Amino acid sequence: MDVSVWNREQAAAAARRVVENNDYLTLATAGAEGTPWATPVWFAADDLAQFFWVSRMTRRHSHNIEERPEVALAIFDSTTPVGEAEAVYVQALAGQVEDADLGAALAVFAGKSVARGIRVWNEADVTGDAPHRLYVARATEVFVLDPKEQRVRV
């Protein structure tokens with residue numbers, strides 16, 4: 001077994017750099033019967049612990065999360081040359097943000113929205129009769145690949 005050239009702090013710094021520098025993640029879900037589905041979503045993160053996005057409740061990935069909350073995330077810059085890419089891999093439990101957590105979650109989402117110059121979502125946009133909801137994936141494991149392509153847990 002190969003040993004990583006990074007320690008855990010170096011791996012965490014690399015993971016944070018990737019998360020901070022990218023706007024989309026690939027969300028992998030599966031329905032009740034196990035059929036996989038992957039979709040890109042614009043996201044905001046609370047460090048490496050929680051990842052937030054807004055989706056319509058009628059979308060396939062939203063239905064899948066209701067049926068099976070276990071998800072996987074991949075965050076990477078697809079514009080880098082082959083062999084130079086960095087990526088973050090996350091295993092998580094996902095669901096709609098609960099009402100009690102909505103204010104704090106929207107604040108994280110708004111912070112990135114403002115930084116990127118896009119519209120800020122408010123509570124009325126993701127509750128009641130609104131077609132969208134704010135979702136969260138709470139990380140259970142986070143990994144990066146080191147320069148030797150060894151998986152390192154963050």
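This is a predicted model: local features need pLDDT of at least 70, side-chain atom pairs count only at pLDDT 80 or more; totals for chains, interfaces and linings use all residues.
A residue is called buried when its relative accessible area is under 20%, exposed when that area is over 50%, and partly exposed in between, using a 1.4 Å probe and protein chains only. Residues are numbered from 1 along each chain as its sequence is written, and side-chain values use heavy atoms, with hydrogens and water left out.

**Strands and their pairing**

- Helices (H or I, at least four residues) and strands (E, at least two) are DSSP runs numbered from the N terminus, and two strands are said to pair if DSSP finds at least two bridges between them.
- Strand β1 (residues 24-30) pairs with strand β2 (residues 36-42) in the antiparallel sense over seven bridges, and within this pairing A28 stands opposite A38 of β2.
- The hairpin of β1 and β2 has five residues between the strands, and G34 takes a positive phi near 95 degrees there.
- Strands β5 and β6 also pair in the antiparallel sense, over seven bridges, with Y89 in β6 as the bridge partner of A74.
- Strand β6 is joined to β7 by nine bridges, the two running antiparallel, and A94 stands opposite A137 in β7.

**Residues within the fold**

- Contact here means heavy atoms within 4.5 Å.
- F51 lies in strand β4 and, leaving out residues up to four places away in sequence, touches V19, L25, F43, A44, A45, L73, I75, V90, Y135, V136, A137 and A139.
- F51 and P40 are separated by 11 residues in sequence and by 13 Å in space, C-alpha to C-alpha.
- V88, with residues up to four places away in sequence likewise not counted, touches A15, V18, V19, L73, A74, I75, V142, F143 and V144.
- H132 is found in strand β7 and counts as buried because its relative accessibility is 18%.
- Beyond its neighbours within four places in sequence, H132 is in contact with V54, S55, R56, W121, D125, V126 and T127.

**Pockets**

- On a 1 Å grid over the protein atoms alone, a pocket is an open set of points with protein on both sides within 12 Å along at least five of seven lines, and lining residues have an atom within 4 Å of a point.
- Grid points are joined across faces, edges and corners, and a volume is the space filled by probe spheres set on the points.
- The largest pocket has a volume of about 310 Å³ and is lined by 16 residues, of which G83, E84, A85, E86 and E149 lie nearest its centre.
- Two or more residues of that lining are given by each of α1 (8-21), β6 (87-96) and β7 (132-145).
- With Ala, Val, Leu, Ile, Met, Phe, Trp, Tyr, Cys and Pro counted as nonpolar, Asp, Glu, Lys and Arg as charged, and the others, Gly among them, as polar, the lining of the largest pocket divides into 11 nonpolar, one polar and four charged residues.
- The second largest pocket has a volume of about 170 Å³ and is lined by R16, V19, E20, F43, A44, A45, D47, V108, K112 and R116.
- The elements giving two or more residues to this second lining are α1, β3 (44-46) and α3 (102-116), and its residues divide into five nonpolar, no polar and five charged.

- D47 lies in the loop between β3 and β4 (50-56), and its phi is near 55 degrees, a positive value in a residue other than glycine.
- D47 counts as partly exposed because its relative accessibility is 41%.
- E149, in the loop between β7 and β8 (151-153), has a positive phi of about 65 degrees although it is not a glycine.
- E149 is exposed, with a relative accessible area of 62%.

Notes. On a 1 Å grid over the protein atoms alone, a cavity is a set of points where a 1.4 Å probe fits but cannot get out, and a pocket is an open set with protein on both sides within 12 Å along at least five of seven lines; lining residues have an atom within 4 Å of a point.
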